[in-house]
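Please follow this explanation alongside the sequence and the coordinates, moving from strand pairing to helix packing.

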Amino acid sequence: MSEQHEEVLGKAYDARLMRRLLGYLRPHRRAVAIALASIIGYSVLQLAQPYLTKLAIDDHITTGNLEGLDRIALAFLVVLVGSFVLEYLQTYTMQMMGQRIMFDLRMEIYRHLQRLDVRFYDRNPVGRLMTRVTTDVDTLNDLFASGVISVFRDVFTLSGIMVVLIVMDWRLALVAFSVLPFIAWITHWFRRNARDSYRQVRGWIAKINAFLQENITGMATVQVFGRERINYDQFDHINSRHRDAHVASIFYYATFYPAVELLGSVATALLIWYGGGRVVQGTVELGALVAFLQYSQRFFKPISDLSEKFNVMQSAMASSERIFDLLDTPPLVESPREAKSSVVQGGGRIRFEHVWFAYQRDDFVLRDVSFEVSPGERIGVVGASGAGKTTLINLLMRFYDVNQGRITIDGVDIREMKLGDLRKQFGLVLQDVYLFSGTIRENIRLGHEEIGDQQVRAAAASVRADRFIDGIPNGFDGEVAERGTTLSTGQRQLLSFARALAFAPDVLLLDEATSSVDTETEHLIQDALRTLMKERTTIAIAHRLSTVQDMDKILVFHKGELREIGNHQELLLQRGLYHTLYQLQYRDQEELPIKLTDWSESPTVG
């Protein structure tokens, strides 16, 4: 999905898309029937008003026969009241139906977004997906609430008026219809230019949204490097172009509607000129001419409405195409239809068997990786940036699927397990902690009410997080701002530990979990981890070698390959890559036994 995709309007009407959109009306068939019935009834009543006027003039007013005029006046009043009731019913029903369809569609999109794999989110910006759930769904609401059904009202009204006019007097009808070629031309002109103008406005508003999302998110960087004026000028340029495009579009609207009104007035003038002469000649009754004038006024309004519906229809087609493109995107990682037994309690035996993986085609991040993790074993993973350490966790959690080889737990390929059963065995702590708006208690529990308050407090106490929690207002009920901005990096990290432990995982996965905390906080976490890792399988990715020295086994990765396996002492004695990493972290550079430049295959350290 490219930026150009945001601007494409597509066809004004696409039968394939419309059939799919109309499918969302099925659960609301009763509301659709009520709306259609009210539209037909309203249109009939609109046709009745001029005819009642004709009867009143020709049968009573011009003849001086007032008997029965009161009944026509009463009928006219009934028609007006009935028109009000039916229009209210139509508007209320259609707006209510539009809101319910919007609700259903947003829930369907969000449910689908939750099923999509991480690779999809790697390719698609968040702002674009937000547009699908908000702006594009709102556009479809315009279609359902005031477009697709109300088009029937306009078409029915136009058809009814044309039939009545021809039946009443076909000569006067031809006079009224004489301006239709000019209306057809001005309508075609409006549609063509409004379409191009709308595309430009939509394109620039998309650029505004993208600019704001990027720069508001990175406001700290903008302020640190003094880019306020530069960014202000850039936004001024984008905003100005959007304004100019919108002003250009106003010209077409400001021309079209007065032009239709003018042509309608011309038709009225022609009717008065021609019809008035025939009234004087006695070939047309006065009431019929008055009815013709009223019908002609009602005739041109639906034409204007249909032109406006053209824009609604066109934008709805574009929005529906983008929404269905998202909904039709299949998740690359799914639970199998017939899943095998889930992971056994106690962690299971984890095996990577000749695993190859690439985020992009043929650019392998892991190359023929094989190792085994026994239940209760503590594994450390070290290596330079880009060596493939975090990818191990991504594959183990099935955020991605391997290209070659397989990963098994107790001999069962993880691709044959239900995703929920697989992932609930793991407790994951990342370097970049994500906290949600809400309370501290809610961020530890994450909506799982089976985790009681006592478990929440115990988890926080295990990682020493209760020390700072008790010190803030309202304690565990203290509010957490979006992404936890009101907490320090160390505090957010401690909460992520408490969150993972509250779920009592069989396998603890740590991805640089202590790299963003100060030394004192790291010591607190290390003390907690020694207790927590007992009788629990642990896989810890670490930058600081001090966090993995006590592990049962350490895996050393370099350029996607597993180069060394062993505990801390065994790896030091091998004097290989681990030995080099150790010396780089614990000795001054001039004390190194060899120069770093001599290690063409050694990891770089920045």
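Leu-508 stands opposite Thr-538 in strand β10, where two strands count as paired if DSSP finds at least two bridges between them. Strand β9 (residues 507-511) runs parallel to β10 and is joined to it by five bridges. Thr-538 is also the bridge partner of Arg-378, and strand β3 (residues 378-383) pairs with β10 in the parallel sense over four bridges. The model is predicted, with local features needing pLDDT of at least 70 and side-chain atom pairs counting only at pLDDT 80 or more, while totals for chains, interfaces and linings use all residues. Residues are numbered from 1 along each chain as its sequence is written, and side-chain values use heavy atoms, with hydrogens and water left out.

How many residues of β10 (residues 537-541) are buried? Five of its five residues are buried, that is, under 20% relative accessible area with a 1.4 Å probe and protein chains only. Thr-537, Ile-539 and Ile-541 lie on one side of the strand and Thr-538 and Ala-540 on the other, so that both faces are covered.

Turning to the helices, α16 (residues 453-462) and α18 (residues 489-502) pack at an angle of about 130 degrees, with their axes 8 Å apart. That angle makes α16 oblique to α18, a term for whatever is left once angles under 35 degrees are called roughly parallel, over 145 roughly antiparallel and 65 to 115 roughly perpendicular. In this contact (heavy atoms within 4.5 Å), Gln-455, Ala-459 and Ala-460 of α16 meet Ala-498, Leu-501 and Ala-502 of α18. The residues involved divide into five nonpolar, one polar and no charged.

Key. Axes fitted to C-alpha atoms, helices over the stretch in contact; angles between N-to-C directions. Helix = DSSP H or I, 4+ residues; strand = E, 2+ residues; numbered from the N terminus. Nonpolar A, V, L, I, M, F, W, Y, C, P; charged D, E, K, R; others polar. Buried < 20%, exposed > 50% of the residue type's maximum accessible area, 1.4 Å probe, protein only.
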